[in-house]
Structures are given as structure tokens and as C-alpha cells.
Amino acid sequence: MDKHDFVVRFAGEGGQGLVTSADALARAAAHAGYFIQTHSTYPSQIIGGPASSQVRISTTPVLSSGDGVDVLVALNQHAYDNHFEDLNGGGVTVYNAEEYDLPEGGHYFGIKADELAKSTGNARAANMVTIGAVATLIDFDLQEIDEFIRQRFTRGRPGDDEIIIANIEAVRLGADVARTSGFTAGQLEPPVPHEGGQVILTGNAAISIGAMAAGLEFYAGYPISPATTILIWMEQNLWGEGRFVHQVSSEIEAINAIIGAGFAGKKAMTATAGPGFSLMSEGLGLAWMAEIPLVVTNVQRGGPATGLPTKSEQSDLYTCMHPAHGDIRMPVLAPGSVEECFYAGALATNWAERYQGPVILVTEFGLAERGENIKKPDLAEISTESRAQVSEGDTGKRYDSWDGTTPLPGMPVPGGPGAYVANGSEHDEIGDTTHLPRHHVRLMERRFKKLDLLDGAHYEIENADADVIIMPWGSSKGPAREAYDRLRERGEDVGWLFSVALHPLPGEVKHVLKSADKIIVPELNYLGQWSALLRQEGYRAESITQYTGLPFKPSDLVKRISERIGVGVTA
Amino acid sequence: MSKRNLEYDFAWCPGCGDFGVRRALQVALEKFSVEHEEPQSKNVVVAGIGCSGNMVHLVEGDQPFGIHGIHGRTLPIAFGVKMGRPDLNTVVVAGDGDFLAIGAEHIAPAANRNVDITAVIMDNGVYGLTKGQSSPTTEFGAVTPSTPHGKIESALSPLKYYMSIGVTYIASYYSSKPRQLAVIIQEAMNHRGFSIVHVQSPCTTYNDTYDLLKGKPKEGIAGLAFEIPEDHDPTSAQAAVDLLDRPGIPLGVVFRHEGQSMQDRHEGLQAQAPVRSNQEILDSYLLQV
């Protein structure tokens with residue numbers, strides 16, 4: 001049976017090369033012209049523990065990690081026991097026959113990958129044996145894997161050829177086992193060639209490149225899953241004249257360091273996850289009060305407290321909107337795909353400069369760590385905005401009143417004219433502390449009025465006059481979109497609304513929200529945070545929640561949305 | 001503020017040591033700017049929270065840029081200013097509560113980095129603005145509103161602490177001689193690396209230590225403060241440790257070590273680091289065909 005979409009999952013223990021295997025298959029498939037999305041789960045420990053890594057391969061762009069699994073590679077009994085229920089009908093398991101056996105008669109077969117790899121003279125080629133078997137099961141062209149092997153192992157070293165030959169042989173040995181087994185998971189349709197150049201990026205890398213494209217100059221961060229890869233990325237790349245990157249000694253140092261840098265005229269960012277974001281609360285309040293441009297990326301994980309460091313959850317939305325005490329509502333950008341991460345990284349940097357204040361960019365584990373192939377962005381299309389300047393002779397002061405009818409006055413930068421004090425206490429025009437009512441009133445209004453400047457984020461509106469509007473946020477966009485498409489195919493009267501900017505919301509999005517009778521928000525948290533915030537604005541929103549630490553499955557969403565709108569529940 | 005601002009909501013108590021520190025800081029900032037032929041606007045004063053934090057508003061004359069931030073975080077803010085803009089003269093002003101209690105976690109990292117910041121600490125041994133509670137430098141056993149039965153913690157020795165974590169410029173002084181203090185602050189600003197000028201700045205309302213520091217010469221009572229002997233070698237760590245073992249408050253430069261500041265080290269790494277354009281970085285993610 002021809003299929004346009006396959007999910008292959010490698011399950012076992014951390015340290016068994018699960019991510020390497022999924023990544024190799026993903027790259028070979030992307031190279032062949034397919035769309036791919038990888039997804040991994042692993043425990044919060046360095047080595048070992050139950051883990052899995054999967055790749056979804058499709059002839060059309062991949063929106064989510066999918067429903068079930070078509071091919072399961074189970075490297076130990078525990079992995080098989082934990083994952084076989086995820087198999088789709090017709091799905092096949094390849095089990096590690098060196099480790100355990102399964103009773104005869106099931107939809108599976110064993111493979112001795114280590115033994116076969118040794119027979120090629122390269123014991124390290126075991127994952128290629130497995131990939132050969134998997135590729136055969138989905139009828140994926142083995143020559144594409146050969147090409148991947150040639151590229152991966154051509155490193156200008158004397159042993160390259162030997163390694164390449166052994167790995168290609170390993171692929172063939174695995175393929176033979178699969179063929180002999182007589183099983184197949186279906187035939188993958190031929191790919192539709194990509195137009196233009198493609199890049200494979202994770203969400204975290206996409207944010208980093210996007211921020212750099214908009215002129216990021218200063219980064220301070222502290223290691224924390226799942227935001228660490230942004231720190232590592234910056235340590236590798238944020239070098240050159242006028243740039244600075246440093247691992248500081250806490251998230252408190254990180255937020256305050258970027259406050260200092262932002263004050264001093266630099267475009268500055270940090271990235272963290274829930275526990276670190278909590279530590280940044282007070283600093284974010286200062287940045288809001290003193291109007292310091294900076295970006296904080298919150299890569300959510302499960303919470304509260306230490307929570308689930310390597311799982312997916314969207315439970316920090318309240319805290320992103322209101323991270324600190326006092327009257328505050330932060331600008332929040334929540335991209336829903338790797339591609340949107342890139343543009344959000346750039347836009348967050350520009351927003352901070354444009355409105356002279358802090359911006360929150362929120363993603364989550366699943367989006368941060370997954371790989372996707374996307375059309376290579378055109379850097380020339382990325383605008384780079386800089387805060388308004390102050391010139392010698394300007395009569396305006398840093399904290400003058402502002403009602404939005406004129407351009408936002410410039411922000412003085414040390415070394416230039418307009419010296420002032422960036423003050424976390426309420427202040428007068430030059431930043432001296434004052435608690436007089438008139439200053440608190442006029443500056444409160446200025447701080448909130450500035451939010452009107454923030455537009456230009458991506459949004460999607462479809463079938464806006466439908467009875468029910470589906471509005472996910474952040475990374476729940478993918479599975480929600482798949483569910484929406486299936487419901488539409490079935491003829492259901494549902495509409496679609498998605499906005500990368502959660503605050504401030506674009507005018508058109510607000511318009512749709514206002515007229516909608518029922519807005520269903522799929523989100524990965526217990527409280528139904530986004531729908532609650534929408535209800536607070538008077539919109540008729542309700543949530544479909546999940547708090548398992550895993551992303552939504554499109555089929556589950558089809559079922560649950562169908563229940564809500566009172567129609568048949570066939571996924 | 002450049003002249004008296006009637007709307008400004010703060011004033012130091014009469015006789016506060018911080019007046020003397022303000023005079024010294026103003027002179028040091030002005031002289032430093034003249035020495036380096038830079039405008040006052042290239043000075044950034046980062047203040048903590050408390051009585052001393054108001055220094056940033058009360059400096060008179062040509063205005064430096066300032067940040068009046070949050071309690072305890074002067075050093076990381078100043079770190080961001082300095083490493084973002086190494087051309088700025090970055091000065092921290094904070095009290096003993098701000099710097100040594102809530103902000104203590106930032107002192108050792110600043111020392112390890114040897115980041116080119118000058119911290120002027122006003123130590124009055126008390127939380128003044130919240131009306132007299134005990135601070136890290138309050139004496140053991142002292143009775144305050146928050147230690148009604150006597151302070152149960154021993155008092156911190158800030159200078160010994162700075163020595164132990166490798167601060168590369170340590171001076172100790174008091175607020176009563178602003179002219180001399182200004183010379184030390186200016187020298188600290190010129191030091192390449194992390195410098196701390198720890199100033200005894202008495203609180204006349206809650207912990208008046210003027211007599212304790214200076215003694216009563218007419219009555220033959222010696223004060224705690226003593227001039228550091230001229231033969232003290234501040235470049236010797238051993239001499240500094242020995243000096244700090246003497247009872248009392250030394251007046252002068254305790255320790256000074258010339259080495260590479262964080263900017264120096266960063267420039268060194270910058271020279272080696274492969275600098276790629278944004279386009280080159282993006283292209284490195286291309287699917288190879």
C-alpha cells in the first residue's frame with residue numbers, strides 16, 4: 001500500500017545511539033526530497049534510562065510528530081513493552097535479537113545488528129544495519145542512505161573509504177534480514193522535490209539564527225534543559241567586533257547582565273526554562289519599569305519547581321505574561337514551528353528595540369529539540385530595527401509622557417547626550433525617584449501605550465465565520481492543524497485561528513475572537529491558561545488540555561474536538 | 001540630579017557618612033574623566049537599593065548615566081554594562097546589606113572574571129532605610145529591631161572575604177576624609193580588573209560609629225581606624241593578609257594585583273574565535289546535495 005507519511009521510532013536506552021539513528025534516517029530522507037520532523041524523549045540523566053527518538057517522513061510538510069508508529073525498533077524488552085501499543089495497524093517491530101526474544105507469530109522480527117556489523121569489519125556500523133532494515137520495510141531507496149553515508153564519513157582521513165564501504169555493507173545486511181522476514185509496513189510514495197535550498201534546524205537553533213539576523217550582540221545564559229543548546233549555540237557563534245557571550249553563574253545574573261547591556265545600547269538576549277524564568281522575575285520587572293530593551297526566551301518544560309526537565313508542557317503562559325509583581329503585561333511571542341522560531345527570534349529582537357522594553361519569546365521542549373527541514377530563510381528579508389536615537393540638542397527627556405500620537409522618543413545611550421537614571425523606582429522625566437501620583441499615572445500609561453507599537457507577527461485565519469474556531473498556541477499548532485484538516489475533510493464547520501503574538505494580539509485576530517461563538521484551545525497544561533486569558537478579555541474560549549508531558553496526537557484532538565462540538569468521533 | 005529636585009523623594013539623615021562618599025565619588029568621576037579626556041556621559045553609576053543606592057541621584061554637577069536597579073544585583077548589571085560597552089567607566093555603589101547579604105553570590109564570580117568594575121561599598125553595619133535591622137557586618141550579639149535578644153550570627157569580615165576570593169584591588173577607608181577617599185576611588189577606577197573600595201560610612205540614626213572609628217583623641221581614646229603604614233606592600237598577598245589580621249579598620253590600599261582583566265581575556269579569545277557571517281552560519285545547516 002502506498003503511503004505518503006511514515007513514523008519510524010527507535011526505542012531503547014539513552015546512550016544506544018537512538019538519536020543518531022533517527023537523525024541519520026531523517027537526513028537521508030530530507031536529502032531525498034521528503035519533509036521530516038524528528039522528536040525525542042529521554043529522562044533527565046546523562047547516560048541510560050528509557051529513551052526514544054523518532055522521525056516522521058512525509059511527502060508534505062510535517063506538522064506534528066503524528067499519531068502512531070509504523071516501524072518500531074525496540075532495542076530491549078522494556079522498550080518493546082512500552083512502545084508496541086503505539087504501533088499503527090500494519091506497523092512492524094524490529095527487535096534486538098541479541099538482547100531478547102519475542103514469541104513467534106507476532107508482527108515483528110528479530111535482528112542481530114551487532115553481529116552483522118562485526119561481519120562487515122566495523123562493529124560501529126550496527127545502527128546502519130538497523131537503518132537498512134527499516135528503510136526496506138518502508139520501501140525507502142537504499143541508495144539515498146548510501147549517499148548519506150558517503151557524505152557523513154568523507155572527512156579527508158585515510159580510513160574514510162573503508163568506513164564507507166563497511167557502513168554501506170551493513171545497510172545491505174539489514175535490508176536482507178527485512179526482506180527475508182517477509183514483512184512490510186507499506187510503500188513510501190516518491191518525494192516531491194523541494195524548491196530552493198533547504199536547511200535542517202531545531203527550534204532552538206532557529207531562534208538563535210533569527211536573533212543574530214536581527215543584530216543580536218550580547219548573550220548571557222545559564223545551563224538549563226531544554227534551553228542549554230541556545231547557550232551552546234551562542235558560545236560558538238556570537239563572536240566578532242562588538243559581540244559578547246558568557247555563561248554566567250545564575251539566571252539572576254543572566255537577566256541582570258542583559259539589563260546592563262541593553263541599557264548600554266546593545267541588543268541582548270538570554271534563554272532559560274521554567275525554574276530559571278522564575279528567578280528572572282524581579283529583573284523582568286526592572287526591565288519593564290526602567291524600559292530596557294532585551295529578549296528572554298523561555299523554553300518551557302514540565303513544571304512547577306524542577307518539574308519534568310525533558311518533557312513537553314505549555315504551562316508557563318501565565319508567568320510569561322506576568323512574570324513579576326506589579327502592573328505588568330509582557331509582549332509574548334509563541335512560535336508554532338521551527339520556521340516560525342526563526343522569524344520570532346528576529347521579531348523579538350526588533351520588538352525590544354522598537355518599544356524600548358523586554359520581550360518574552362516562549363517555546364517548549366518538543367519544539368526546541370526537534371529537527372525539521374525548512375526552506376532556507378532569506379536573510380536579506382529580515383529587517384533589523386534599532387531603538388530611536390537621541391541627538392545633541394534634543395529637548396526631550398528619557399521618561400517624558402507619551403500618548404502614541406508621535407514617534408516614541410529616543411533612548412539615550414551612555415557616551416551620548418541625555419544622561420538619565422534607569423530607575424526601578426517610579427521616577428520623573430530624567431529617572432529620579434518620585435512617588436508623586438502624577439508621575440506614576442503618566443508613566444504607567446506610557447509603559448502600556450508602547451505595546452501598541454508591536455505588530456508584524458505571523459497569524460493565520462481560516463473559515464472565520466464557522467460555529468467553532470480552533471485556536472492552539474505555540475507548539476500545539478502542528479497537531480491541532482492536522483486535527484483541523486481532518487475535521488474539514490469530514491465536512492465539519494470549524495474555523496482556524498493561530499497567532500504567534502499572544503500579546504499584544506493583532507487587530508484582525510481580535511476581530512475574529514470577538515465574533516466567534518466558541519473558541520476551542522488545545523493546550524498542554526492543566527489550568528487551560530490561554531483560554532482563561534482569552535475569557536478575561538471577554539472572548540468565548542474553552543480549553544482542551546493535556547498534561548502528560550507529551551505533545552498532542554492529532555487523532556486524540558479530532559476525537560476530543562468532535563466531542564466538544566457534538567458530532568461523531570471517528571478519527 | 002544637577003540641582004535640588006523638589007519632587008525627589010529621598011534625603012540622607014544629617015551627618016550621614018554617605019555625604020562624604022558622595023563628595024569623594026563626584027571628585028573621582030570628574031578627575032577620571034579629565035584624566036582620560038572623556039565626557040562625564042561615559043561614566044555609568046550602578047546603584048543598589050538602600051540609603052547608599054540613592055547616591056546615583058544625588059551626585060551633583062555634570063551627570064553620569066545611572067542605573068538604580070534591584071536589591072543585590074549591582075554587580076551583574078554592571079557586568080552587562082562593562083562587557084557590552086568596555087569603553088564605559090562602570091562604577092557600582094552599594095551598601096553592606098545590598099552587597100554582602102542579598103548580593104553576596106555575585107562577588108566571587110566578579111572576582112573570577114576580574115571584570116573591570118569599581119565597587120564603592122558604603123558599610124554602616126545596619127539596614128538603615130528599613131530602620132535599623134542587623135546586617136552581615138553588624139557585630140555578634142548586637143541588639144537591633146530584628147535581633148532583640150542579640151545577633152546570633154558572627155560578623156562578616158568583608159576585607160578578608162575579598163582577599164580570599166581573589167579580588168585584585170582592595171581598599172579600605174572611611175567617609176570622613178572625602179579628598180583622600182577620592183584619590184583612592186580614582187586609583188581603583190584606573191585599576192584594570194575588579195576593584196572594591198570598602199568605606200566605613202556611619203549611620204547617624206541607627207549605628208553611629210564615628211567615635212568608634214576615630215576615637216576621642218582629647219580623652220586619650222584610640223579609634224578603630226588606623227592609617228596603613230607606609231612600608232606596607234599592597235602587591236604582596238601575604239602582607240595584605242597580615243595587615244588584615246591586625247585589629248581595627250585599615251585606611252588605604254590593602255591589596256593590588258596587576259593582571260589581565262576580563263576584557264583583556266575576551267579580546268584574546270576574540271582573536272582566536274572563528275567569526276562567521278550570519279549567512280555562513282545559516283548555510284552550515286544546508287542539506288548537502
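Analyst: Happy to! Two strands count as paired here if DSSP finds at least two bridges between them. Please keep in mind that this is a predicted model.

With that rule in hand, let's begin at β23 of chain A. Its pairing with strand β22 (residues 518-523) of chain A is parallel and runs over 5 bridges. One place to look is Glu523(A), which stands opposite Thr545(A) in β23(A).

Now step back to the sheet that holds this pair. It is an open sheet of 5 strands in chain A, ordered β18-β20-β19-β22-β23, and its pairing is mixed. The edges are taken by β18 (459-462) and β23 (541-545) of chain A; each has a single partner strand, so one side of each is left without a neighbour in the sheet. From one strand to the next, the twist averages 25 degrees.

Lys477(A) forms a salt bridge with Glu340(A), and their closest N and O atoms are 2.4 Å apart. Glu340(A) belongs to helix α13 (residues 338-355) of chain A while Lys477(A) belongs to α16 of chain A, so this pair ties together parts that are 137 residues apart in sequence. Over all chains, the search finds 41 salt bridges.

Chain A has another open sheet to compare with. This one has 7 strands in the order β11-β10-β12-β13-β15-β14-β21, again with mixed pairing. At its edges stand β11 (244-247) and β21 (501-503) of chain A, each with a single partner strand, so each has one side without a neighbour in the sheet. Inside the order, strand β14 (residues 332-333) of chain A pairs with strand β15 (residues 358-364) of chain A in the parallel sense over 2 bridges. There, Val332(A) has Ile360(A) of β15(A) as its bridge partner.

Strand pairing also crosses between chains. Strand β17 (residues 421-423) of chain A runs parallel to strand β2 (residues 65-68) of chain B, and 3 bridges join them. Val421(A), for instance, has Gly66(B) as its bridge partner in β2(B).

As for the interface as a whole, 62 residues of chain A are in contact with 50 residues of chain B. The two chains bury about 4800 Å² between them, with 61% of it on carbon and sulfur atoms. On the chain A side, Trp239(A), Phe244(A) and Glu253(A) lose the most area to chain B, together 13% of what that side buries. The rule finds 2 salt bridges across this interface; Lys376(A) forms one with Asp283(B), the closest N and O atoms being 2.7 Å apart. Helix α9 (residues 251-263) of chain A gives the largest share of the chain A side that touches chain B, namely 7 residues. By type, that side divides into 30 nonpolar, 22 polar and 10 charged residues.

Methods
Residues are numbered from 1 along each chain as its sequence is written. Chains are lettered from A and ligands numbered from 1 in the order in which they are written. This is a predicted model: local features need pLDDT of at least 70, side-chain atom pairs count only at pLDDT 80 or more; totals for chains, interfaces and linings use all residues. Side-chain values use heavy atoms; hydrogens and water are left out. Contact means heavy atoms within 4.5 Å. Buried area is the accessible area (1.4 Å probe) that two parts lose on being put together, summed over both. A salt bridge is a side-chain nitrogen of Lys or Arg within 4 Å of a carboxyl oxygen of Asp or Glu. Helices (H or I, at least four residues) and strands (E, at least two) are DSSP runs, numbered from the N terminus. Ala, Val, Leu, Ile, Met, Phe, Trp, Tyr, Cys and Pro count as nonpolar, Asp, Glu, Lys and Arg as charged, and the others, Gly among them, as polar. Axes are lines fitted to C-alpha atoms, for helices over the stretch in contact, and angles run from 0 to 180 degrees between N-to-C directions.
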